[in-house]
Amino acid sequence: MLSFSPSEEQQMIVNTVKQFANDVMRKKFRECDEEGQIPAEIINTAWELGLVVSCIPEEYGGAGWEHSALTGTLLAEELAWGDLSMAMHILSPWLGVLPIVEMGTSEQKKKYLPAVCGGKFTAATAALIEPRFDFDHNDLGTIAKKNGGYVLNGEKCFVPLAQDAAFTLVYAGEGNASQCFIVDKGAKGLKIGEREKNMGIKALATYELSLKDCKVPAEHKLGGEKGCDFKRLTNLSRVALAALAVGVARGSFEFSRDYARERYAFGEPIGSRQAIAFMLADMAIEIDAARLLNWEAAWLLDKKAEATRECCLAKAYADNMVMLCTDYGVQVMGGHGYVRDNPVELWFRNGRGFVAFTGMAIV
Amino acid sequence: MIDFELTAEEKAKIDEAHEVALKYFRPVSRYYDEHEHEEPQDIIDFMWSNRSKGFVTGLGVVGAMMVEELCWGDAGLYLASPGPGLGGAAVFAAGTQEQWRKFLARFGEGKPKWGAMAMTEPGCGSDTSAIQATATRDGDFWVLNGEKIFVTMGHRALDLSEGIIVVWASIDKSAGRAGMKSFVVEAGTPGMKVEKKEKKLGIKASDTVTVTFDNCRIPFGNILGKAEVKSKTEGFKGAMATFDVTRPMVAAQALGVTRAALDMLRDEIDKQGIKIRYDLPRSKQTALEHDFIEMEANLRAAHLLMIRAMWQLGSGLSNALEASMSKAKAGRAATLITQRAVELMGPLGYSRKYLFEKFMRDAKINDIFEGTGQINTLVVARRVLGFTRDQLK
Ligand SMILES: Cc1cc2nc3c(=O)[nH]c(=O)nc-3n(C[C@H](O)[C@H](O)[C@H](O)COP(=O)(O)OP(=O)(O)OC[C@H]3O[C@@H](n4cnc5c(N)ncnc54)[C@H](O)[C@@H]3O)c2cc1C
């Protein structure tokens, strides 16, 4: 039956994350962006919320909830409202474990899932994007050659927490298909480059990564011989990113809306002028539109339906929406939006990233 | 639990509406566009004899989605279909049970009938507080005077059937908005006259007329809501409650036409052997693919905003903000998408051999009536800012 209400359980998770975002993330996010790092206690407090292990089966040390992309989008939005860098850091272990939960062989599950179910945050990650403007996830430059096991060669970038990751899922082309390989920390031929410097998400540690004749055993191919459902993984990533985009946009909307009520020009609040008020109305509409589109896509994924079209639409829509809203956020605040005393410029820089963040989060 | 699934029963109703659109509306769509003011008698008879199926009277999500389907067939013919229309919606939202019986029962019996609503005047449209029409009490009667324009279905409601019209007029000009009330006038009431029939850009099968009131006497009980002038907003509450339903309904109309344009565009490019590749990075998309994906995403997003507003209404949640959001978004999406479809089809888009240009003309009205895009954006802005109409004009 049609409904737009989250379940009680989902609402509980949302409330918990909302509070964490407000009380913890929002207190430190500017400092983190300036300093390029996130204090460990924030990450560990987030870890204690149990979000990451929620959908890992109990037999591997997790909480054993059924994995739901829709629930994932709800909590991703709240985390991103708090701060995008922190959200991506906190959720990064999912990049390593969710594909294994969904598609791994039982040996892969046994070997890798318990590693992230400990009492403290454990990094795991994925390497999909490659450093070229015409990057295509269906036509990867990183190649896997079968040779007993597999030999991986190629360059990756935008790999969150690569330095600390217990293991990395490396995506590489095998024949015509993109496949996923589990590469252990310190594997021979895996070289982690310098920490990257980007326009935004400055607090998130991301790295370039190169694979030079990096050998992985045959049983490290995700899903075993038959491989993984790469389409589904990219779709789960699309809804994750779209949800994060909604969270960022909402932050910008709420902040600039409140400002527009307080800031006076020509004797009245700037929000009393349609030129400003209409930007805010458009933001409100576009944010809701993007969220609903994304919910529907995630809902389809939870039903295990083929939802590539819906996920692509949701992601494309969210990419445009977040740019519009974070740009308007700065515009509403004028010069005060441009200076780093206020957060809208940070959201503006983060917002532009979504078109490039392919595969950097998954729910 | 967030859920996008409709029940089998609901789907069947929507499918049924689609069948009507496809089999009955679409084949004569062009004809009634080219023959403005000609009666689509077959359609009228068909829709009237099938009125129990609720094609034009359904409420809630399913009702709106049925309207969306009919407008996929032809938006003008949907509007021309007999039924209570906007006038009925106003009576339903603001009237007493007795008034429902008196004014709405007729839409279930006898010959085809239409309902209309008249707010707009030559001197004011968006600014409804400037309405000049008056209603003066005279014992057991109200006496109406004034001129209303752009009345949808006024001709069919008042000249061709025993329909009704809901008229907005002031009972106390000094009271401003608070003095504004709505009144039901039955067809054939002396002093009421249908005048100019507009020639329009689109939705030509729907009639749009001027109605004048010259000492038109109606029973005292025909007022919707209370006759006293009380709080500042009271008189407008009825209209506002109507908007909570009618704005998403107009959004549904917009989205029906718009989906028609997008479906036809997909069919045409499909015939050329072009498939939209969704799963491509931006740098590899063609301009056509990029546009198409943007159009499709906008259409679906607008559709979801519309059904959310309707779902809220059906769930007893307040939806004034979301109703205006859905209307503003749908009006804009319709404008963007139908115009882009004409652009993308080149000469075929512009030619009257195809329906693209008609969809573009039909779609545009949805960004104008039931509150222009700007007025609905203004409503959204006031609500998100928490500003009154005096704080945000
Ligand atoms: C085919 C058709 C059918 C119609 N059917 C009906 C009907 O059945 N009943 C009925 O009562 N009316 C009907 N209307 C009238 C319709 O609702 C009005 O045309 C509409 O509300 C706009 O009013 P207006 O034309 O006077 O434009 P105006 O109010 O003069 O507006 C002109 C422009 O100014 C903008 N504008 C106005 N005020 C503001 C503001 N405060 N802030 C920002 N922008 C503003 C508007 O958005 C618009 O772009 C119909 C109109 C048409 C064309």
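In the predicted model, Ser3(A) is found in the segment that precedes α1 (8-35) of chain A. The relative accessibility of Ser3(A) is 12%, and this residue is therefore classed as buried, the cut-off being under 20%. Leaving aside residues up to four places away in sequence, the contacts of Ser3(A) are with Met1(B), Ile2(B), Asp3(B) and Trp311(B).

Chain A is assigned three domains, with domain 1 covering 8-116, domain 2 covering 125-226 and domain 3 covering 230-356. The centres of domain 2 and domain 3 of chain A, taken over C-alpha atoms, are separated by 30 Å. At the interface of these two domains of chain A, twelve residues of domain 2 are in contact with eight residues of domain 3. The area buried between domain 2 and domain 3 of chain A is about 790 Å², with 69% of it on carbon and sulfur atoms. On the side of domain 2 of chain A, His137(A), Tyr171(A) and Met199(A) supply 46% of the area buried against domain 3, more than any other three residues. Zero salt bridges are counted between domain 2 and domain 3 of chain A, while three residue pairs are in polar contact across this interface, both residues at pLDDT 80 or more. The side of domain 2 of chain A that touches domain 3 consists of seven nonpolar residues, four polar residues and one charged residue.

Chain B is likewise divided into domain 1 (8-81), domain 2 (111-231) and domain 3 (235-385). Between domain 1 and domain 2 of chain B, the C-alpha centres lie 26 Å apart. Contact between these domains of chain B involves 15 residues of domain 1 and 15 residues of domain 2. Domain 1 and domain 2 of chain B bury about 1400 Å² between them, and carbon and sulfur atoms give 62% of this area. Within domain 1 of chain B, the most area is lost to domain 2 by Glu36(B), His37(B) and Trp48(B), which together account for 41% of what that side buries.

One salt bridge is found across the interface of domain 1 and domain 2 of chain B. The side chains of Glu39(B) and Arg156(B) form a salt bridge with an N to O distance of 3.0 Å. Five residue pairs, both residues at pLDDT 80 or more, are in polar contact across the interface of domain 1 and domain 2 of chain B. On the side of domain 1 of chain B that touches domain 2, two or more residues each come from α1 (8-34), α2 (41-49) and α4 (75-80) of chain B, and α4(B) gives the most, with five residues. The residues of this side of domain 1 of chain B comprise eight nonpolar, three polar and four charged.

How values were computed
Residues numbered from 1 in each chain as written. Chains lettered and ligands numbered in written order. Predicted model: local features only at pLDDT ≥ 70, side-chain atom pairs only at ≥ 80, totals over all residues. Heavy atoms only, no water. Domains from an automatic or database assignment. Contact = heavy atoms within 4.5 Å. Buried area = accessible area lost by both parts, 1.4 Å probe. Salt bridge = Lys/Arg side-chain N within 4 Å of Asp/Glu carboxyl O. Polar contact = N/O pair within 3.5 Å; in protein donor to acceptor, adjacent residues only side chain to side chain. Nonpolar A, V, L, I, M, F, W, Y, C, P; charged D, E, K, R; others polar. Helix = DSSP H or I, 4+ residues; strand = E, 2+ residues; numbered from the N terminus. Buried < 20%, exposed > 50% of the residue type's maximum accessible area, 1.4 Å probe, protein only.
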